[in-house]
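Here is a friendly briefing to read alongside the picture. Take a moment to look at the chain before going through the points.

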Amino acid sequence: MSRAPDDVSKLTESTYKNVMEQFNPGLRNLVNLGKSYEKSVTAMTIAGKVYFEAVSKIGESATLSPVSRELGVVLMEIAEAHRKVHNELEENFKKFHREIITELEKKTEMDVKYMNATFKRYQSEHKLKQDCLERSQTDLKKLRRKSQGKHSSKYEIKENECLETISSRQMDMQKFIADGCREALLEEKRRFCFLADKHCMFSYQISNFHEKAKEILAVKLPSWQEKCCDITQVPDTIKTMIEGLSSTPEQSPLVERYNRNNVESVVPPPAPPLKAQISPLANMFNPEPRSPLTSSSDHNSDQGSLGEGSLSRSTSQSSGLNMARKPRVRTIFPHTAGNNDTLLSFDDGDIIILLIQEEKDGWLYGELEKTGQRGWFPSSYCRPYSEPVLTNSHLGTPVRRLSAISLPELEEQEPVLLPPPDYSDDLPMSPVVPSTPSPQNTGGESICHSEAEADCHE
């Protein structure tokens, strides 16, 4: 579509003004925004490095665990991979600053001066050519007025020369306008092309960055996911240890000792063949010698008949608490076993636990409390022993000692509500309420607990 020279000239001027009034100011704003973009990415990479450094430290602590060692290695490898990704991103934005921001700053400063000078040159040349063409047209008009007189042939040659001059200047003017418009449009396109080319290069760099990041992360991602897909999977060494504990549990030394004592208490060594000698001083302590068990029962019955009310109840409670305990005796004379391994040596005042409560020819079988040694000893060398009763000085009421078995029963156990696990992908679970002890397991202890509550209320 052809246009008049004036329209083309106006297009040229508007093109120059567009570059100077819109493109260059927009380029300055783009430089400022690019710097802000660069700062934001730098801050993001720094924060990302700090974050994944913390992930790596958590992974280092996980490597110390026997079951989470592989997951710790996974966390450290993930942190290292993201560190490489952030380093690549930093390198790309260094190129972004060097090849785009810096270049745009230089172009903006230089382009303002260049475009102003180019536009002024075009305007001045256009005005000069326009003035020359207008003068030639004015001269032609003068010659035509003069040629209308008597001597018209005289001005005919000059008129032809003036027409040729006007035609030449019109062609020159049109050529100048066309060349100026072409130059203005090319200058505009050159700037947009420069901007697009720089960002195409940046886009290519970002594309390479994403490909490298995908390669860094995707290479080991399946193995990472495989390590954390099944939480029930444990190393073979831990599995062997757990299976060993569940199949053949090791008994603690106390349990072994308890079982050994029970077995040995059932099958003790044979009693000495000779009847045990009665110490001549035994009558000084007890004129009518009795077996420790008989004396113990008589002693408890006498003690139960002495008091009334709370005293008798406390005594019965004390005996009830010690029902499960084996009877014990206190020695009143020392005894030496000599070379006989089946006999028990002890000093005066030692405590012996009776393992066999039936006396055999004056011999009793028991375990010395302070050493754990077992053997036979004369029944006349000891007397029944019972737990001392503590007395409250203010109330005058005997205070019994509570056994370790009865202590937990004094407090009411409230059910503990467990929240659902935080790291489970399943649906929320209902709170788990621990089951209450069965009556079969707490039959003996419930009596002690009720009596203890009655004592507290009084």
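By a distance rule, this predicted model has 18 salt bridges, a salt bridge being a side-chain nitrogen of Lys or Arg within 4 Å of a carboxyl oxygen of Asp or Glu. Side chains of opposite charge can pair when their charged atoms come close. Residues are numbered from 1 along each chain as its sequence is written. In this predicted model, local features need pLDDT of at least 70, side-chain atom pairs count only at pLDDT 80 or more, totals for chains, interfaces and linings use all residues, and side-chain values use heavy atoms, with hydrogens and water left out.

**Salt bridges**

- Lys-129 and Asp-172 pair through their side chains, with 2.6 Å from N to O.
- This pair links distant parts of the chain, 43 residues apart: Lys-129 belongs to helix 2 (residues 69–146) and Asp-172 to helix 3 (residues 156–227). Helices (H or I, at least four residues) and strands (E, at least two) are DSSP runs, numbered from the N terminus.
- Lys-129 has a relative accessible area of 23%, so it is partly exposed, and Asp-172 is partly exposed too, at 35%. Here buried means under 20% relative accessible area, exposed means over 50%, and partly exposed is in between (1.4 Å probe, protein chains only).
- Asp-179 forms a salt bridge with Arg-182, and their closest N and O atoms are 2.9 Å apart. About one helical turn separates Asp-179 and Arg-182, because they are three residues apart in helix 3.
- Asp-179 is partly exposed at 32%, and Arg-182 is partly exposed at 48%.
- Glu-369 and Arg-328 also meet in a salt bridge, at 2.6 Å from N to O. They come from distant parts of the chain, 41 residues apart: Glu-369 is in the loop between strand 3 (363–368) and strand 4 (374–378), while Arg-328 is in strand 1 (residues 328–331).

**Nonpolar cores**

- The largest nonpolar core has 16 residues, and Phe-93, Phe-96, Ile-100, Leu-104 and Phe-202 touch the most other members. Such a core is a set of buried Ala, Val, Leu, Ile, Met, Phe, Trp, Tyr and Cys residues joined through side-chain atoms within 4.5 Å.
- Helix 1 (5–62), helix 2 and helix 3 are the elements that give two or more residues to this core. Helix 2 gives the most, with seven residues.
- Which residues does Phe-202 contact, leaving aside neighbours within four places in sequence? They are Tyr-37, Asn-92, Phe-93, Phe-96 and Ile-100, where contact means heavy atoms within 4.5 Å.
- There is a second, separate core of twelve residues, and among them are Phe-333, Leu-354, Leu-364 and Cys-382.

**The chain as a whole**

- The protein chain contains nine helices and seven strands.
- Of its 458 residues, 28% count as buried.
- Among contacts between residues at least 6 apart in sequence, 67% join residues at least 24 apart.
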